[in-house]
Amino acid sequence: MTKGVPMTPERPTTTPAHPGVRILRVGERLTLPWRPRTVVVVVVLLVLMGILAVLTLAWGPMGTSPHDLAAALRGEADATTTFVLERLRGPRILTAIGAGIALGLAGALFQSVTRNPLGSPDVIGLGAGAGAGVAVSTLWWPGVFPAPVGAVIGAGVAVGIVWWSTGMGFGSPARVIITGIGVFAMATAVTHYVVAVALRDSAHDLAAYLVGSLGTRNMQHVAIIGVGLVVLIPLVVMLSRRLLVMDLGDDVAETLGAGARTTRTQAIILAVLLAAAAVSVAGPVAFVALTAPHIARKLSRAPGPNLTLAAVTGALILVSADLLAQQAPGLAGLPVGIVTAAAGGVYLGYLLVLEWRR
Amino acid sequence: MVGAAVVVLALMTVASLSLGSRETDIARMLATLTGDEDPFMQQVLAARVPRTVVGATVGAALAVAGMLIQSVMRNPLGEPGLLGVTMGASASVVTATAFFGVSSGLATVPAAIPGAVLAVTAVLLLGRQSGSTSVIPLVLAGAVVSAVLGAYVQAMILTRPEVFDSYRHWMVGSLAGVRFETLWTVLPALILGAVLAWAMTGSLNAVALGEEVATGLGVRVQWVRLAALTAATLLAAAATAAVGPIAFVGLAVPHLVRAAVGTDHRWQLPMAVLLGAALLLGADVAARIIARPQELMVGVVTAFVGAPFLLAAVRRGRVRG
């Protein structure tokens, strides 16, 4: 406790554990802690994302102007606009938002339970594993099980290998990072193998399986990620209070009744499912899950996993990267994963040089 | 031990000459080699002899590069690929093809070297940490540089049709269709790297005893490190230029070498040459057989053979956090 906060008995029992936290009570049972700063940041990011989404829909020769968009929302648009919105650009932007939310949440969960800013699905090869699972399930054994199931299996195997290889679970950041590189390489090799055998030489398809792409999405993709989020987000919310306690250390968490081991296992399972859902609709898009929680924490300056903000940041990153991939000169037509890999890599390099060098 | 390694390499050579995505008879192959006129086998051998020679050379170069990096950094995770050498070389060649009109083929090979050197320098600068022996910043810096360069390479390949054909070649290494001419163009870099590596073996033995001891023995530690890293970069860049990025040979082979001949670098070097060549030939044979009647890229196989070495090294606690 700092000197400026006297611990007097007169203070109300809802004394915030951290400065700046308010408690919102809904009825008898539900209490939600919130911070004004976080709420402001979330609102700003949502507005920004709205602008980018409208821009994504409006830009280019097939674009839908904001005026037409409003008409379409009222159900009064002409056939061309409806077609573009329902078949071409609408599914794409919705998939981007959904996958971004899922990746941001997965990253925040992982970084929270590993207490490691690098312990994200990208670094431990989870995304690549899910990508390999998608490649196997769609190209090798088509029809045996659907792509999302393949993604979950691939992601689970990748996490399992990392967990086993470190010899100490996810406790040591150094070991997690290095085994992650190995698992990433093996998963990529599987994808190369499957695509080489199944597709021969269509490099564009290979790129989509390897780096993640949002091209030619349809409403089925939106449905997959939508259902995934609807099912998983409530579970994440239920877990979020215990995650906040986990930040104080395993011993404190146990004392407060949040079983550290159980919480960690549940959070990792949720993260695997979220990342797999994202990968099955967008491919293994790199570095969104790594950077989103990181940026979220900087913006909110709050401890803990910052789940809401990480989700919104993830969506914003993916939407803006996809806007670049669609419209930026020189990038147009590239898979979105190339944009996020380059930008995320540069961001990671910046962190490496300026923040983590001690 | 060296004798055993020679036998293994000889076996792998015979396998590489006789096994392929189409089955061929070993007896016919040997008869053709000794002068028998069999047009089909002659054609097959015309493809497989260069493939075998180049494969052995590349494997040896990568293994020696890995051995040098591991002893200079005193870390079992040193690997040309982890330090960004291979992606640097790939990016460099793709740039030369896309912007400077260097058509694919022989002229691209020298173009790989500056990219590899730049990438290693960037990784070493990014991952530099004063007073720390941890390898994590370096590995992380290597991953960052490789990720950015990989994105660049993919972007160039997908937007430029003239580079598009060589897509696989610059993402995953392959020995398919490789010719002797490729080897001649990288030979100067290979010889320079090999000579430098050989000249450094004695000094590396001294450095392995510790910096103070080495200085006491009259060895200039910083110069030895620089020379060894230069040799490793030259060897790995030449190998990548010839056949594309091949992962984990440089990581796995030095582990085997140390298990076989111990810590003396004068024995490690020839052993790394033999085992590196044998491993890559074995991986290439596997790449031809696994997916019959098609062929895999050998880089896919080495990732699968080599990455478990990385995982095992971590699990056995050889990695200092």
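This is a predicted model: local features need pLDDT of at least 70, side-chain atom pairs count only at pLDDT 80 or more; totals for chains, interfaces and linings use all residues.
Helices here are DSSP runs of H or I that are at least four residues long, numbered from the N terminus.

**Two loop residues with positive phi**

Let's start with a pair of phenylalanines. Phe248(B) is located in the loop that joins helix 11 (221–243) to helix 12 (249–261) of chain B. Its phi is positive, about 75°, although Phe248(B) is not a glycine. In chain A, Phe287(A) belongs to the loop between helix 10 (260–282) and helix 11 (288–300). Phe287(A) also has a positive phi, near 70°, and is a residue other than glycine. Phe248(B) is buried, since its relative accessible area is 4%, and Phe287(A) counts as buried at 10%.

**Salt bridges in the two chains**

Over all chains, the whole structure holds four salt bridges. One of them joins the side chains of Asp322(A) and Arg92(A), at 2.7 Å from N to O. This pair links distant parts of the chain: Asp322(A) is in helix 12 of chain A and Arg92(A) in helix 3 of chain A, 230 residues apart.

Chain B has a salt bridge between Asp284(B) and Arg51(B), whose closest N and O atoms are 2.9 Å apart. Because Asp284(B) is in helix 13 (residues 265–290) of chain B and Arg51(B) in helix 3 (residues 39–73) of chain B, the pair ties together parts 233 residues apart in sequence. Asp284(B) and Arg51(B) are both buried.

Asp284(B) has another partner: Arg288(B) forms a salt bridge with Asp284(B), with 3.0 Å between the closest N and O atoms. Arg288(B) and Asp284(B) are four residues apart in helix 13 of chain B, so about one helical turn separates them. Taken together, Arg51(B), Asp284(B) and Arg288(B) are linked in a network of salt bridges.

**How buried are these residues?**

Under 20% relative accessible area, a residue counts as buried. Here are some residues of this report with their values.

| Residue | Relative accessibility | Class |
|---|---|---|
| Asp284(B) | 0% | buried |
| Arg288(B) | 2% | buried |
| Asp322(A) | 2% | buried |
| Arg92(A) | 16% | buried |
| Thr201(B) | 4% | buried |
| Gly314(A) | 0% | buried |

Gly314(A) is part of helix 12 (residues 307–327) of chain A. Leaving aside residues up to four places away in sequence, Gly314(A) touches Gly100(A), Ile101(A), Gly104(A), Val288(A) and Ala292(A).

In chain B, Thr201(B) is in helix 9 (residues 180–208). Not counting residues up to four places away in sequence, Thr201(B) touches His265(B), Arg266(B) and Leu269(B).

**Helix packing within chain A**

Helix 3 (residues 79–114) of chain A has its axis within 8 Å of that of helix 10 of chain A, and the two cross at roughly 155°. An angle over 145 degrees counts as roughly antiparallel, which means helix 3 of chain A is roughly antiparallel to helix 10 of chain A. The crossing of these two helices is left-handed. Residues of helix 3 in the contact include Ala99(A), Leu103(A), Ala106(A) and Phe110(A), and those of helix 10 include Ala267(A), Ala271(A), Leu274(A) and Ala278(A). By class, the residues of this contact are 17 nonpolar, one polar and one charged.

Which helices meet across the two chains? Helix 13 (residues 336–354) of chain A and helix 6 (residues 136–159) of chain B have axes that come within 9 Å and cross at roughly 155°. Helix 13 of chain A is therefore roughly antiparallel to helix 6 of chain B. This crossing is left-handed. Among the contact residues are Ala341(A), Gly345(A), Leu348(A) and Leu352(A) of helix 13 of chain A, with Leu140(B), Val144(B), Ala151(B) and Leu158(B) of helix 6 of chain B. The contact between these helices has 14 nonpolar, three polar and no charged residues.

Methods: Residues are numbered from 1 along each chain as its sequence is written. Chains are lettered from A and ligands numbered from 1 in the order in which they are written. Side-chain values use heavy atoms; hydrogens and water are left out. Axes are lines fitted to C-alpha atoms, for helices over the stretch in contact, and angles run from 0 to 180 degrees between N-to-C directions. Angles under 35 degrees count as roughly parallel, over 145 as roughly antiparallel, 65 to 115 as roughly perpendicular and the rest as oblique. A crossing is left-handed if the near helix is turned anticlockwise from the far one by less than a right angle, and right-handed if clockwise. Contact means heavy atoms within 4.5 Å. Ala, Val, Leu, Ile, Met, Phe, Trp, Tyr, Cys and Pro count as nonpolar, Asp, Glu, Lys and Arg as charged, and the others, Gly among them, as polar. Buried means under 20% relative accessible area, exposed over 50%, partly exposed in between (1.4 Å probe, protein chains only).
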